[in-house]
Amino acid sequence: PEPVSPTGVKTGDLGAVDSRAQSGNHLTTAQGLRLPDTDHSLKAGERGPTLLEDFHLREKITHFDHERIPERVVHARGAAAHGVFTSYGTGASITRAGFLAEKGKETEVFVRFSTVLGSKGSADTVRDTRGFATKFYTDEGNFDLVGNNMPVFFIQDGIKFPDIIHAGKPQPDREIPQAQSAHDTFWDFVSLHTEATHHVFWNMSDRGIPRSFRTMEGFGVHTFRLVNAAGESHLVKFHWKPVAGVHSLVWEEAQIAAGVDPDFHRRDLADAIEAGAFLEWDLGVQVLPDDGTETFEGIDLLDPTKFVPEELAPVQLLGRLALNRNPTNYFAETEQVAFHTGHLVPGIEVTNDPLMQARMFSYLDTQLTRLGGPNFSQLPINRPHVPVNDMLRDGMHQTAIHTGVAPYRPNSLDGGLPAVDLENGYVQTPRRIEGNAVRANPLSFEDHFTQAALFYRSLTPLEQAHIAEAFTFELGKCFEQSIKERELTVLAQVDADLCATVAAGLGLPMPTGLTEVGEVELSPALSQIVEVPGPI
Ligand code: HEM
């Protein structure tokens with residue numbers, strides 16, 4: 001049977017939900033009063049002033065005045081689609097999550113793609129990281145995989161998220177985006193804050209200008225913990241592999257498209273679906289031992305600036321995603337959808353990655369403001385496709401009419417309900433936590449260059465040339481000479497040849513006086529794989 005929401009509305013059927021405010025053939029007020037005229041305000045005589053008494057005018061204008069909600073503080077520019085995820089049934093040995101474990105199981109999904117820094121009306125093809133956020137409406141509740149199209153992040157600790165975003169956002173005085181004017185704040189930050197280096201290399205690579213959403217990879221970035229029915233746990237990295245392959249624009253194409261068709265990516269998404277060319281990805285995981293060390297081949301799995309090369313841990317496929325239906329209403333669905341790393345289902349758990357830990361706080365917090373209070377999970381696009389009985393009550397924009405005596409447990413007046421589920425309810429697998437309260441990172445977090453070098457050396461000469469051109473172009477937009485020089489010292493620590501090319505392009509000398517100029521030493525396991533062609 002088709003899943004039914006607590007309000008009795010078929011959950012897949014947004015039309016039915018929307019029809020509450022759009023039914024019948026007559027124009028009415030919000031109170032259902034039929035109207036003979038909506039073009040003339042009520043005036044004192046044909047040439048007279050408008051009367052305060054005109055409740056229809058005031059309702060119409062007031063509602064219009066409040067049509068906009070705050071755009072997302074990051075990832076404001078987005079486009080989305082509905083689809084279905086079909087499990088290959090290969091996940092059962094590593095997770096009890098039913099939507100991954102059961103072969104052939106179909107789960108409805110909603111996916112929102114986005115750029116990070118631009119505002120809602122910005123262009124699609126700018127150089128930026130792309131968001132790739134998926135809401136799985138599973139039989140066990142909603143699971144959100146809130147990822148990006150790059151496998152690593154700028155910062156290791158979420159406490160620095162406001163810093164990287166403030167450095168990258170438009171200038172506070174003129175609100176001119178970094179992409180078109182002074183680049184000083186971004187490059188000032190990342191050259192001082194070298195843990196961003198690996199992510200910056202991905203941004204400056206062709207991955208920063210994808211050709212289409214359907215030719216982007218997606219990554220969960222953090223290490224997650226999967227737990228199977230027997231209680232055994234593994235650490236994993238999530239990957240989305242596009243069936244259409246990975247393709248990028250070249251810089252000139254990206255710039256022209258931004259001017260000629262700022263909606264280049266969202267148009268492609270909608271047109272492809274309308275033409276029946278559904279967008280497809282395989283979801284996969286790299287499975288790593290949960291042996292207590294939280295490391296793999298010397299890579300710290302709690303450090304989100306590091307990836308695990310696929311040559312060391314191949315991606316094992318779990319199922320296929322097909323995006324097959326465009327949203328009916330951009331605002332109701334794409335704008336109001338609320339993703340959260342804390343939307344988890346049994347068998348999928350978080351780890352101590354300090355970036356992930358901060359995200360566990362941030363999403364719900366920001367959505368309280370963006371979506372006007374605590375009841376946005378009742379919006380059609382956010383509702384789970386399973387019954388909900390959460391004992392949460394009242395608050396702004398409450399649309400449920402709750403019954404019963406009072407929402408508390410234990411409760412002898414209300415039948416003791418709702419019942420807790422001791423057998424299948426979500427439990428965090430016990431994990432040992434110890435140590436002093438400190439504001440400090442493990443030593444391994446101090447390696448900022450090895451993996452940027454690994455990524456750079458995995459690329460073809462043409463792709464490497466694109467990186468050199470991108471660094472030269474973007475740094476060339478900085479006004480401050482000292483910032484360019486400082487970033488050159490960063491590049492020198494990743495690859496001396498790249499640094500020399502960029503320095504020549506900027507008309508600057510190679511940096512001197514560094515303790516560590518030149519090529520980074522890779523560990524034996526990592527140095528073996530740089531000769532292997534990369535994933536592109
Ligand atoms: C939004 C990904 C780090 C705070 C988003 C979205 C994505 C995303 C895909 C857009 C969701 C949508 O389409 O609605 C990531 C990834 C991260 C990361 C992959 C790191 C690996 C962080 C951190 C914070 C943060 C560290 C804060 C501590 C936010 C906020 C939003 C957002 C506030 C707006 C959410 C909303 O208004 O609904 N992020 N993010 N993110 N992210 Fe992150």
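## A Covered Helix: α11

In helix α11, the residues Thr450, Gln451, Ala452, Ala453, Leu454, Phe455 and Tyr456 are buried. A residue counts as buried if 20 or more other C-beta atoms lie within 10 Å of its own, as exposed if 12 or fewer do, and as partly exposed in between, with C-beta atoms placed from the backbone. By this rule, α11 is mostly covered, with seven of its eight residues buried. Helices (H or I, at least four residues) and strands (E, at least two) are DSSP runs, numbered from the N terminus.

## Basis of the Model

The model is predicted: local features need pLDDT of at least 70, side-chain atom pairs count only at pLDDT 80 or more, and totals for chains, interfaces and linings use all residues. Residues are numbered from 1 along each chain as its sequence is written.

## The Chain as a Whole

The secondary structure of the chain comprises 15 helices and 12 strands. Of its 536 residues, 39% count as buried. Along the principal axes, the C-alpha atoms fill a box of roughly 80 × 70 × 50 Å.

Two residues are in contact if their C-beta atoms, placed from the backbone, lie within 7 Å. Among contacts between residues at least 6 apart in sequence, 71% join residues at least 24 apart.

## The Surroundings of the Ligand

The ligand is surrounded by 28 residues, and the closest are Arg72, His75, Arg112, Gly131 and Ser362. Helix α10 supplies the largest share, eight residues.

By class, the shell holds 14 nonpolar, 10 polar and four charged residues. Here Ala, Val, Leu, Ile, Met, Phe, Trp, Tyr, Cys and Pro count as nonpolar, Asp, Glu, Lys and Arg as charged, and the others, Gly among them, as polar.

## Helix α14 and Its Cover

Helix α14 spans residues 496-506, and its residues Leu498, Cys499, Val502 and Ala503 are buried. These four lie on the same side of α14, because they cover an arc of only 130° around the axis. The arc is that of the directions from the helix axis to the C-beta atoms.

What covers the buried residues of α14 includes α11 (450-457), α12 (461-475) and α13 (481-492). After α14 comes glycine 507, with a positive phi near 70°.

## The Crossing of α4 and α5

Helix α4 (residues 161-168) and helix α5 (residues 184-192) have axes that come within 7 Å and cross at roughly 145°. Axes are lines fitted to C-alpha atoms, for helices over the stretch in contact, and angles run from 0 to 180 degrees between N-to-C directions.

From α4, Asp163, Ile164, Ala167 and Gly168 meet Thr185, Phe186, Asp188 and Phe189 in α5. This contact has four nonpolar, two polar and two charged residues.

## Individual Residues in Loops

Valine 221 is in the loop between β5 (218-219) and β6 (224-227). Its phi is near 70°, a positive value in a residue other than glycine. Valine 221 counts as buried because it has 23 C-beta neighbours inside 10 Å. Histidine 397, in the loop between α10 and α11, also is not a glycine and has a positive phi of about 60°. Histidine 397 is exposed, with 12 other C-beta atoms within 10 Å.

Proline 410 is likewise found in the loop between α10 and α11. The peptide bond that leads from arginine 409 to proline 410 is cis, with omega near -10°. Proline 70 has its place in the loop between α2 (55-65) and β1 (78-87). Proline 70 is exposed, with 11 other C-beta atoms within 10 Å. Not counting residues up to four places away in sequence, proline 70 touches Thr369 and Arg370.

## A Buried Strand Residue

Valine 285 belongs to strand β8 (residues 279-289). With 24 C-beta neighbours inside 10 Å, valine 285 counts as buried. Leaving aside residues up to four places away in sequence, valine 285 touches Val236, Lys237, Phe238, His239, Val315, Gln316 and Leu318. The C-alpha atoms of valine 285 and leucine 235 are separated by 9.4 Å, although these residues are 50 residues apart along the chain.

Methods. A residue is near a molecule or strand if its C-beta atom, placed from the backbone, lies within 6 Å of it.
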